[in-house]
There are 2 protein chains.
Amino acid sequence: MIKAPYNNLQTSITTVNLKTHFTQYRERVDGALDQWLPREQIHPSHLHQAMRYSTFNGGKRVRPLLVYLTGEALAIPVSQLDGPACAIELIHSYSLVHDDLPAMDDDDLRRGKPTCHKAYDEATAILVGDGLQALAFSILAQDKKMLENAQARLNMCALLAQASGSRGMVGGQAIDLASVGKQLTLAELQDMHIHKTGALIRASVMLAAYSKPDIEPEQEKNLDHYAKCIGLNFQIKDDILDIEGNTETLGKPQGSDVEADKPTYPAIVGMNEAKQMMMDLHQEAINSLAPFGDKAEPLRDLAKYIVNREY
Amino acid sequence: MIKAPYNNLQTSITTVNLKTHFTQYRERVDGALDQWLPREQIHPSHLHQAMRYSTFNGGKRVRPLLVYLTGEALAIPVSQLDGPACAIELIHSYSLVHDDLPAMDDDDLRRGKPTCHKAYDEATAILVGDGLQALAFSILAQDKKMLENAQARLNMCALLAQASGSRGMVGGQAIDLASVGKQLTLAELQDMHIHKTGALIRASVMLAAYSKPDIEPEQEKNLDHYAKCIGLNFQIKDDILDIEGNTETLGKPQGSDVEADKPTYPAIVGMNEAKQMMMDLHQEAINSLAPFGDKAEPLRDLAKYIVNREY
């Protein structure tokens, strides 16, 4: 049986405020990304056009939201968070461009629009990804609005590099590709997602935490645990949506993971157990936020959004 | 007529010492790279194996040499230079892996060995490049042997990100791909190479300069000019070798640029003029080093090596 929050949150009053709150941050990060991405006119303009096309693609901006909302929980000035929010989103954007390539997941559509290599070409898509990754580090290293503590910012660069590298996100994609058509255990599936999506979601939260160099170790530990729980939930929900979601709302064919013979939570543990796991993790995430009081309400909302979203 | 140094340096006594000197640094950076690259056994091992395959591929390590030799000219402790030397070489390595992909230059061989996507597969090669780029920034951000000045290290991260990004190396590859089969002017050819190889060669020298935060602006300017001259010369020499070089020594088919209809210096200005440009730039590079006295002798040697090399 599925516990209450999963079924009744969709209609709560919070959802309306939440939507406005999230929309403001989405607009904020889009504005900041627009400032950092080279203008389309800048040489080589074909590449810069494609970099913008791939970044402004209707993404949900979940990772920037996590940066901003963690910042709220820690009372960090919002202007210090634009840099980390942009950096993490650019890493995410580059990974989608590369993952969509014919040699990888071979996807023609991303959120209902042609993927980068379809709108442009494969070579451009490879370079777009490479350029977006470099830009992410460029921002962390030189954004003048971020906190002045240079050592903290170096730590952010290290965190982002590790979370996105071969022992994080990039490693997760390698594990994913090697898993297609294989029967995975639950542990192997978790391992894949902890790398592929978990590492970057955790980094989103921790980049904000690193923006407060005097953070208490206990606070950092709690936020870290929150991030790990919602990171896994993000993927469980994705797997559930692939089966129960609506093709039009999803922006990709419903059932495409099943079709591609990709290992999913429902396939390994069954749909009911997958939903139960998600709710248990959700409760753990909520529990981790207890010491932050009201300031963490938006982070709670985001955790709920992740398990309630329809795409 | 070609000036003297180009023709008679190959047999000078310096060359012998130079070779030992360079070999020592090559071994040093290879040792450091071996420490930073995840072991082959580390999960996902297939990816880490491929990352090592692509990094230890018989490369000339010109960029790390530039870091170390600039460090000599500025009397920087060598242990502070290992991090920048590794970072710049990893960026270079990743760019080769991506440039060799079928959608880009479609090369099966690199220095006589199968390219990464041939030895492994395309998806792995894309991920190898992505992982190597992240590792480069990871090193600059966390190497404990580098100088302690965190702001200087952030500046290095920013420098490397800009030099390797869409307005540097990655942009250069985009310009290169767009130029195949086109008639370029000399200015357009220079612009391509300033992006594609020049930016990273300049960054190699400047990373070492940034390791000395109290460097005099005049010194920095001179080193920068040296780097720009040898960066262009590196490419002019490549183009000359493509025509005059030996397939076996080159590790790739002689004449492959001409075959691929790539714009080259000899094609645009003629072989004699290309050689003359190279010697003029060489002289400019040497002149820039005058204020550094004997300590810059190895940098002079490297400039000579670039115009004299046979592969």
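Author: L160(B), leaving aside its neighbours within four places in sequence, is in contact with A87(B), I88(B), I91(B), A136(B), L140(B), A203(B) and L207(B); two residues are in contact if their C-beta atoms, placed from the backbone, lie within 7 Å. The model is predicted, local features need pLDDT of at least 70, side-chain atom pairs count only at pLDDT 80 or more, and totals for chains, interfaces and linings use all residues. Residues are numbered from 1 along each chain as its sequence is written, while chains are lettered from A and ligands numbered from 1 in the order in which they are written.

L160(B) also belongs to the largest nonpolar core, which has 180 residues. Such a core is a set of buried Ala, Val, Leu, Ile, Met, Phe, Trp, Tyr and Cys residues joined through C-beta atoms within 7 Å, and a residue is buried if 20 or more other C-beta atoms lie within 10 Å of its own. C157(A), L160(A), C157(B) and L160(B) have the most contacts inside this core.

Between the chains, 43 residues of chain A are in contact with 43 residues of chain B. The largest share of the side of chain A that touches chain B, 14 residues, comes from α7(A); helices are DSSP runs (H or I, at least four residues), numbered from the N terminus. Because 100% of the interface residues of chain A are also interface residues in chain B, the copies meet through the same surface.

Chain A can be laid on chain B with an RMSD of 0.0 Å by a turn of 180 degrees and a shift of 0.0 Å along the axis, superposed by least squares on the C-alpha atoms of residues with pLDDT of at least 70 in both. That is the relation of a two-fold axis.

Notes
Buried ≥ 20, exposed ≤ 12 C-beta atoms within 10 Å, placed from the backbone. Helix = DSSP H or I, 4+ residues; strand = E, 2+ residues; numbered from the N terminus.
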